[in-house]
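Here is a short report on one protein chain. Look at the model first, then read on.

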Amino acid sequence: FDQQEQAAIAVSFEHPVPLIPNVRVRHTTLKGADTINSLLFNFDDKLYIGSVDLDLDFTSTDLILYYEILDNIVSVDVGLAAKQVDGDVNVRGIANGQASSSTVSFKETIPMAYLSAGGSLPFTGFSFKAEAAGISYDGSNITDAQAEIKYDLIDNLVVDVGLKAGYRQLLVDLEDVEKTDAKLDFKGPYLGVEIHF
């Protein structure tokens with residue numbers, strides 16, 4: 001897409017009670033817009049000719065239940081996630097000799113395996129982390145992975161505040177979900193702020 005917008009927010013709740021998993025909720029919005037020039041473009045049983053405008057509005061919400069296997073200089077979390085993907089793709093152009101538009105919507109909740117690993121460099125304020133969630137089933141595949149480096153600006157008993165930079169890729173390949181096939185691949189660098197109470 002020529003124009004893209006992305007925003008993400010995540011909230012985690014960790015506790016010392018064994019056997020009860022920690023909880024993390026992450027919400028991501030992705031929007032894209034572009035114009036393509038194609039001799040023939042088939043979408044939603046319509047054949048578009050020439051210039052076609054595309055708009056995508058996509059949200060992803062994760063509910064992650066995880067356990068901390070390690071939690072010191074090196075940290076490892078494992079668990080299960082449920083990802084709800086909800087999207088609309090809109091196409092506008094000339095079909096059958098007249099101005100036309102089509103919108104295809106899809107919505108699905110998908111269970112996934114979750115793994116996170118990271119570590120800190122003592123006395124430097126720097127830490128790193130990588131996490132991935134994914135599943136493959138019935139011809140559909142979803143992978144959500146990211147890696148980041150964080151620097152702690154504030155680190156005390158009351159609150160920790162850190163700046164982080166990383167890279168994330170979200171690949172969604174859905175086959176026959178609500179009679180729709182969709183293959184979306186979002187990837188790129190990001191900047192963020194993390195606050196830990």
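Asp 176 is found in strand E8. Strands (E, at least two residues) and helices (H or I, at least four) are DSSP runs, numbered from the N terminus. Asp 176 is exposed, with a relative accessible area of 55%. Here exposed means over 50% relative accessible area, buried under 20%, and partly exposed in between (1.4 Å probe, protein chains only).

This is a predicted model: local features need pLDDT of at least 70, side-chain atom pairs count only at pLDDT 80 or more, and totals for chains, interfaces and linings use all residues. Residues are numbered from 1 along each chain as its sequence is written, and side-chain values use heavy atoms, with hydrogens and water left out.

**The chain as a whole**

The protein chain has 9 strands and 0 helices. Its pattern along the sequence is β-β-β-β-β-β-β-β-β. The C-alpha atoms fill a box of roughly 65 × 35 × 20 Å, taken along the principal axes. Of the 197 residues, 34% are buried.

**A hairpin**

Strand E6 covers residues 126–137, and strand E7 covers residues 140–155. The two run antiparallel and are joined by 12 bridges. Two strands pair if DSSP finds at least two bridges between them. Ser 127 stands opposite Lys 150 in E7. E6 and E7 form a hairpin with 2 residues between them. In the turn, Asp 138 has a positive phi of about 45°.

**Salt bridges**

Side chains of opposite charge can pair when their charged atoms come close. A salt bridge is counted when a side-chain nitrogen of Lys or Arg lies within 4 Å of a carboxyl oxygen of Asp or Glu. By this rule there are 14 salt bridges. Three of them are listed here.

| Salt bridge | N to O distance |
|---|---|
| Arg 24 and Glu 131 | 2.9 Å |
| Arg 26 and Glu 131 | 3.2 Å |
| Arg 168 and Asp 144 | 2.7 Å |

Take the pair of Arg 24 and Glu 131, which meet in a salt bridge. Arg 24 lies in strand E2 (residues 22–43) and Glu 131 in strand E6, so the pair ties together parts that are 107 residues apart in sequence. Both residues are buried.

Arg 26 also forms a salt bridge with Glu 131. Arg 26 lies in strand E2 and Glu 131 in strand E6, so this pair ties together parts 105 residues apart in sequence. How accessible is Arg 26? Its relative accessible area is 4%, so Arg 26 is buried. Glu 131 counts as buried at 5% relative accessibility.

Arg 168 forms a salt bridge with Asp 144. Arg 168 lies in strand E8 (residues 160–177) and Asp 144 in strand E7, so the pair ties together parts that are 24 residues apart in sequence. Arg 168 is buried, with a relative accessible area of 7%. Asp 144 is buried too, at 2%. Salt bridges that share partners join Arg 24, Arg 26, Asp 62, Lys 83, Lys 129, Glu 131, Asp 144 and Arg 168 into one network.

**A charged patch**

Which residues form a negative surface patch? They are Asp 138, Glu 175, Asp 176 and Asp 181. Patch residues have over 30% relative accessible area and no salt bridge, and like charges are joined within 9 Å. Asp and Glu count as negative.

**One more aspartate**

Asp 86 lies in strand E4 (residues 74–95). Asp 86 is partly exposed, with a relative accessible area of 28%. Asp 86 and Ser 116 are 30 residues apart in sequence and 25 Å apart in space, C-alpha to C-alpha.

How values were computed. Patches are made of residues with over 30% relative accessible area and no salt bridge: like charges are joined within 9 Å, nonpolar side chains (Val, Leu, Ile, Met, Phe, Trp, Tyr) within 5 Å. Accessible areas come from the Shrake-Rupley method with a 1.4 Å probe; for residues, only the protein chains shown count as cover. The place of a charge is taken as NZ of Lys, CZ of Arg, CG of Asp or CD of Glu.
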